[in-house]
Amino acid sequence: MKTCPNCGEMNGEANDKCYKCGADLSQISGERRCCPYCNEIYSPKVETCPKCERPTVVFDPFTMKQTYNGGSDVETWMYVIAFLIPIVGLVLGCIQVGKNDKTGGKNLIITSIVSFVLYVIVVSVISNHKAKKAEEELSSLYDSYSYSYNIDD
């Protein structure tokens, strides 16, 4: 619905003139906007939320959800990918930040960094364990070799 700027009357989307006062409505968008962070609905002209000063998005009243770049578009699969393959998670996080989803993008980037750090810790622990095991095997081989051939005497 388009709201007439002169008289405030509600007009249909297809109307180019207000049926009550005859004002030109051709330049008016009837799409209401909402803030994805505050969940407040505003008039079509409000580009920035007055409460939190973040950009508003187009609101679809039929499905009752934001239609363009609203809220956090990060889905569960993105977090799983970010954890399993950190470099892909970093790329997905940067894409989300580029789409003005700073919260979701930041969370993906943090998930990727944390998983990378965990991978480094796990790999270092495993390699350290294998190194100790190999050292013990070499030591036991040396001991058995020196005992059987009496190298120390």
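Trainee: Leaving aside neighbours within four places in sequence, which residues is Leu108 in contact with?

Mentor: Leu108 is in contact with Val74, Met78, Tyr79, Ala82, Gly89, Leu92, Gly93 and Gln96, once neighbours within four places in sequence are set aside. Keep in mind that this is a predicted model.

Trainee: Noted. Which residues are in the largest nonpolar core?

Mentor: Five residues form the largest nonpolar core, namely Val74, Met78, Ala82, Leu92 and Leu108.

Trainee: Where does Val74 lie?

Mentor: Val74 is in the loop between strand S6, residues 65–66, and helix H1, residues 76–84.

Trainee: Is Val74 buried or exposed?

Mentor: Val74 is buried, because its relative accessible area is 13% and the cut-off for buried is under 20%.

Trainee: What does Val74 touch, not counting residues up to four places away in sequence?

Mentor: With those residues left out, Val74 touches Tyr79, Gln96, Asp101, Gly104, Gly105 and Leu108. Take Gly104 as an example: Val74 and Gly104 are 30 residues apart in sequence, with their C-alpha atoms 5.6 Å apart in space.

Trainee: Moving to Ser112. Where is it found?

Mentor: Ser112 is found in helix H3, which covers residues 102–149. Ser112 counts as buried, at 1% relative accessibility. Apart from neighbours within four places in sequence, Ser112 is in contact with Ala82, Pro86, Gly89 and Leu90. Ala82 belongs to the largest nonpolar core.

Trainee: Let's zoom out. How many helices and strands does the secondary structure come to?

Mentor: Three helices and six strands. The order from the N terminus on is β-β-β-β-β-β-α-α-α.

Trainee: And what percentage of the 153 residues count as buried?

Mentor: Of the 153 residues of the protein, 24% count as buried. As for contacts between residues at least 6 apart in sequence, 29% of them join residues at least 24 apart.

Trainee: Cysteines next. How many disulfides does the count come to?

Mentor: Zero disulfides. Cys34 is in no disulfide, and its nearest cysteine sulfur, that of Cys35, is 7.4 Å away. Cys34 counts as buried, at 2% relative accessibility.

Trainee: What about the backbone? What is phi of Glu53 near?

Mentor: Phi of Glu53 is near 60°, a positive value in a residue other than glycine. Most residues other than glycine have a negative phi. Glu53 lies in the loop between strand S4, residues 41–42, and strand S5, residues 57–60. At 65% relative accessibility, Glu53 counts as exposed.

Trainee: Which strand does Val57 lie in?

Mentor: Val57 lies in strand S5. Val57 is buried, with a relative accessible area of 2%. Its C-alpha atom is separated by 9.5 Å from that of Pro44, which is 13 residues apart from Val57 along the chain.

Trainee: What does the lining of the second largest pocket have, by class?

Mentor: The lining has four nonpolar, four polar and two charged residues.

Terms used:
Residues are numbered from 1 along each chain as its sequence is written. This is a predicted model: local features need pLDDT of at least 70, side-chain atom pairs count only at pLDDT 80 or more; totals for chains, interfaces and linings use all residues. Side-chain values use heavy atoms; hydrogens and water are left out. Ala, Val, Leu, Ile, Met, Phe, Trp, Tyr, Cys and Pro count as nonpolar, Asp, Glu, Lys and Arg as charged, and the others, Gly among them, as polar. A disulfide is a pair of cysteine sulfur atoms within 2.5 Å. Buried means under 20% relative accessible area, exposed over 50%, partly exposed in between (1.4 Å probe, protein chains only). A nonpolar core is a set of buried Ala, Val, Leu, Ile, Met, Phe, Trp, Tyr and Cys residues joined through side-chain atoms within 4.5 Å. Contact means heavy atoms within 4.5 Å. Helices (H or I, at least four residues) and strands (E, at least two) are DSSP runs, numbered from the N terminus.
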